[in-house]
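Here are some notes for a reader who is new to this structure. They are set out as numbered points, to be read beside the sequence and the model.

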Amino acid sequence: MSAKTHPRLVGAFVLGAIALVLLAIVFLSSGGFLEQRDRFVVFFPGSVMGLQKGSGVTFRGVRVGEVIDVSAFLTGLPENPIQIEVICEFYGDVIETPDGVENPYQGLDQEESVALLIEQGIRARMMSASLLTGQKYIELDFMPDEPARLAGLSRRYPEVPTTPTAMEKVGERIEALMNKLAEVPLDEVVEN
């Protein structure tokens with residue numbers, strides 16, 4: 001005499017197996033499950049309109065990572081009470097090291113690598129990917145002569161300093177010029 005099979009039990013087993021296969025396909029097809037990925041944070045004092053999760057992070061035009069999260073961050077500072085926190089993720093091993101060239105970042109942990117990059121003048125700035133759509137991305141480059149803006153707020157990830165973009169610099173110069181013009185005593189100039 002054979003044991004009676006329960007159709008519900010067989011159906012549940014088949015559905016569970018299908019769910020596991022689909023989950024494995026999604027997990028394995030994502031492609032990045034074994035890659036090392038380091039995260040860092042940048043803070044912007046102004047608007048980041050057009051920057052969103054999934055936006056690119058590039059180094060001299062080569063995509064080296066992506067934006068993971070963009071959020072407003074209460075700083076508790078009087079001059080910038082709220083800044084925009086942008087969490088970025090580096091793809092692992094995107095910069096190749098040819099044979100015979102020493103890699104100064106080899107063996108360093110994430111904090112030490114970012115500290116060395118900052119020492120060498122790495123800066124992040126927000127750039128426009130498309131004037132038509134308004135999309136933005138984060139550009140990294142070595143700019144040791146540019147001022148470094150560090151907020152010093154994040155404890156989760158190392159912070160990469162930002163630097164003003166060319167448009168921000170032009171805006172600051174125009175604002176300074178307008179402030180100087182406002183100080184000129186026009187009444188006395190006209191009388192003289």
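1. Contacts across the chain. Residues 24 or more positions apart account for 55% of the contacts in the protein chain with a separation of 6 or more, where a contact means heavy atoms within 4.5 Å. The model is predicted: local features need pLDDT of at least 70 and side-chain atom pairs count only at pLDDT 80 or more, while totals for chains, interfaces and linings use all residues. Residues are numbered from 1 along each chain as its sequence is written, and side-chain values use heavy atoms, with hydrogens and water left out.

2. Overall layout. The protein chain has 4 helices and 6 strands, in the order α-β-β-β-β-α-β-β-α-α along the sequence. Helices (H or I, at least four residues) and strands (E, at least two) are DSSP runs, numbered from the N terminus. Of the 192 residues, 26% count as buried; buried is under 20% relative accessible area, exposed is over 50%, and partly exposed is in between (1.4 Å probe, protein chains only).

3. Surface. The protein chain exposes about 13,700 Å², and carbon and sulfur atoms supply 60% of this area. Accessible areas come from the Shrake-Rupley method with a 1.4 Å probe; for residues, only the protein chains shown count as cover. Val10, Phe13, Val14, Leu15, Ile18, Val21, Leu22 and Ile25 make a nonpolar surface patch of about 800 Å². Patches are made of residues with over 30% relative accessible area and no salt bridge; like charges are joined within 9 Å, and nonpolar side chains (Val, Leu, Ile, Met, Phe, Trp, Tyr) within 5 Å. Val14 belongs to helix α1 (residues 7-29) and is partly exposed, at 41% relative accessibility.

4. Salt bridges. How many salt bridges are there by the rule used here? The count is 4, a salt bridge being a side-chain nitrogen of Lys or Arg within 4 Å of a carboxyl oxygen of Asp or Glu. Side chains of opposite charge can pair when their charged atoms come close.

5. Glu89 and Arg39. These two form a salt bridge, with the closest N and O atoms 3.0 Å apart. Glu89 is in strand β4 and Arg39 in strand β1 (residues 38-44), so the pair ties together parts that are 50 residues apart in sequence. Glu89 is buried at 10% relative accessibility, whereas Arg39 is partly exposed at 28%.

6. Arg60 and Asp141. The side chains of Arg60 and Asp141 form a salt bridge at 2.7 Å, N to O. Arg60 sits in the loop between β2 and β3 and Asp141 in strand β6, so parts that are 81 residues apart in sequence are tied together by the pair. Arg60 is exposed, at 52% relative accessibility, and Asp141 is buried, at 15%. Arg60 also has a positive phi of about 50 degrees, although it is not a glycine.

7. Glu85 and Arg156. A salt bridge joins Glu85 to Arg156, the closest N and O atoms being 3.3 Å apart. The pair links distant parts of the chain, with Glu85 in strand β4 and Arg156 in the loop between β6 and α3, 71 residues apart. Is Glu85 buried or exposed? Glu85 is buried, with 3% relative accessibility, while Arg156 is exposed, with 53%.

8. Gln83 is in strand β4 (residues 82-90) and is buried at 6% relative accessibility. Not counting residues up to four places away in sequence, Gln83 touches several residues, including Phe43, Phe73 and Ala151. Val64, in strand β3 (residues 62-74), is buried at 3% relative accessibility. The C-alpha atoms of Val64 and Tyr91 are 5.7 Å apart, though these residues are 27 apart along the chain.

9. Helix α2. Ser113, Val114 and Leu117 are buried in helix α2 (residues 110-119). Seen down the axis of α2, its buried residues fall within an arc of 95 degrees, so they line one face of the helix; the arc is that of the directions from the helix axis to the C-beta atoms. These buried residues pack against β5 (122-128) and β6. Gly121, which follows α2, has a positive phi near 100 degrees.
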